[in-house]
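Dear colleague,

I am passing on the structure below, and I would be grateful if you could look through it alongside my notes. The notes follow the model itself.

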Amino acid sequence: MKTYLTLFVGVLAVSFAATFIRLAEAPPLVIATYRLTIASIILIPFASVKSLRGLNKLSRRDVLLILLASLFIALHFGLWITSLSYTSIASSVVLATSHPAFVAVVSYFLWRERLSRLAISGIVVALIGVTFINYSGFTFSSRALLGDLLALIAGFSVGAYLIIGGQLRARIDILSYLTLIYSGAAVILLIATIISGHSFFGYSPKTYTMLILLALIPQLLGHSCLNLAIRLIPVTLVSVAILGEPVGAILLGTFILGETPTASEIIGGLLILGGIFIVMRYAPRGLSNVISRTD
């Protein structure tokens, strides 16, 4: 039960991201950079010594995987945000959330995580739900194709980031791992933002407040819980559960921003929740043993 609670808190926390980003009046790449940089600054004092000691025990392959995880999460935020400048939010969201299928295939070859037909159908139902939520905003043009490609790569990037977390779960403690990948991603995004010519200063107090909240809740709490969940249950389940983020974002938008959900958003949200329930109910082989040991 603690495992599912951790996963639920993670998904709920990342659901705040859309609201905070909507309220922050800054370029998307600047928002992503502040998000990872603030999170890293908070973690470094708590994990610096421990991280250095842990690095001595890591193989070159492990260090490379940590660097790749940093690159993939930076690519996810950077490419997904950039894709919104070329294609519709609908197309971008649907393609960026395609990672469960990718994760399921890779997880089978890495850890022999088998999915039943019902579990696979649950993934399909959840992805249909994401499409339902965004169906009215799809765009088709030559310019949109570039944005679609960026969003698709962003989806694969977050999938790769989750898979690497699963690979390293037994070889490095969670605090050291999070500090290293958040810091690495922050450096990558800082360089990208500087090259793009965006300024880090001159924004309103409200914007800076949103940037701090974005680092504290979706990043430090949300992504950290998701990374912890990866250490407790199969990566495929975590990947599918993340599809609940749009549902949480819609609910938070209703209560915080006063936005009334459309009929398609309600139907899509129910399909996503139903799909997640099916996948959790008919989980990969060995899940029950994992949960019994961690609870």
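In what follows, helices (H or I, at least four residues) and strands (E, at least two) are DSSP runs, numbered from the N terminus. On that basis serine 40 is placed in helix H2, which covers residues 28–56. Please bear in mind that this is a predicted model, in which local features need pLDDT of at least 70 and side-chain atom pairs count only at pLDDT 80 or more, while totals for chains, interfaces and linings use all residues. Residues are numbered from 1 along each chain as its sequence is written, and side-chain values use heavy atoms, with hydrogens and water left out.

The chain as a whole has 13 helices and 0 strands, so that from the N terminus on its elements run α-α-α-α-α-α-α-α-α-α-α-α-α. Of its 295 residues, 51% are buried, where buried means under 20% relative accessible area, exposed over 50%, and partly exposed in between (1.4 Å probe, protein chains only). The chain exposes about 13900 Å², of which carbon and sulfur atoms supply 71%; accessible areas come from the Shrake-Rupley method with a 1.4 Å probe, and for residues only the protein chains shown count as cover. Taking contact to mean heavy atoms within 4.5 Å, among contacts between residues at least 6 apart in sequence, 90% join residues at least 24 apart.

Serine 40 is buried, with a relative accessible area of 4%, and, leaving aside its neighbours within four places in sequence, serine 40 is in contact with Tyr182, Ser183 and Ala186. Serine 15, found in helix H1, is also buried, at a relative accessible area of 1%. With the neighbours within four places in sequence again left aside, serine 15 is in contact with Gly244, Glu245, Gly248, Ala249 and Leu252, and its C-alpha atom is separated by 10.0 Å from that of leucine 243, 228 residues apart along the chain.

Helix H1 (2–23) also takes part in the second largest pocket, giving the largest share of its lining, 6 residues. A pocket here is found on a 1 Å grid over the protein atoms alone, as an open set of points where a 1.4 Å probe fits, with protein on both sides within 12 Å along at least five of seven lines, and lining residues have an atom within 4 Å of a point. This pocket holds about 340 Å³ of space, a volume being the space filled by probe spheres set on the points, which are joined across faces, edges and corners. Of the 15 residues that line the second largest pocket, the closest to its centre are Phe8, Val11, Ala241, Gly244 and Leu273.

A search of the whole structure finds 1 salt bridge, defined as a side-chain nitrogen of Lys or Arg within 4 Å of a carboxyl oxygen of Asp or Glu. The partners are aspartate 62 and arginine 171, whose closest N and O atoms are 2.8 Å apart. Aspartate 62 lies in helix H3 (residues 60–83) and arginine 171 in the loop between helix H7 (142–168) and helix H8 (174–196), 109 residues apart. Aspartate 62 is buried, with a relative accessible area of 5%, whereas arginine 171 is partly exposed, at 38%.

With kind regards
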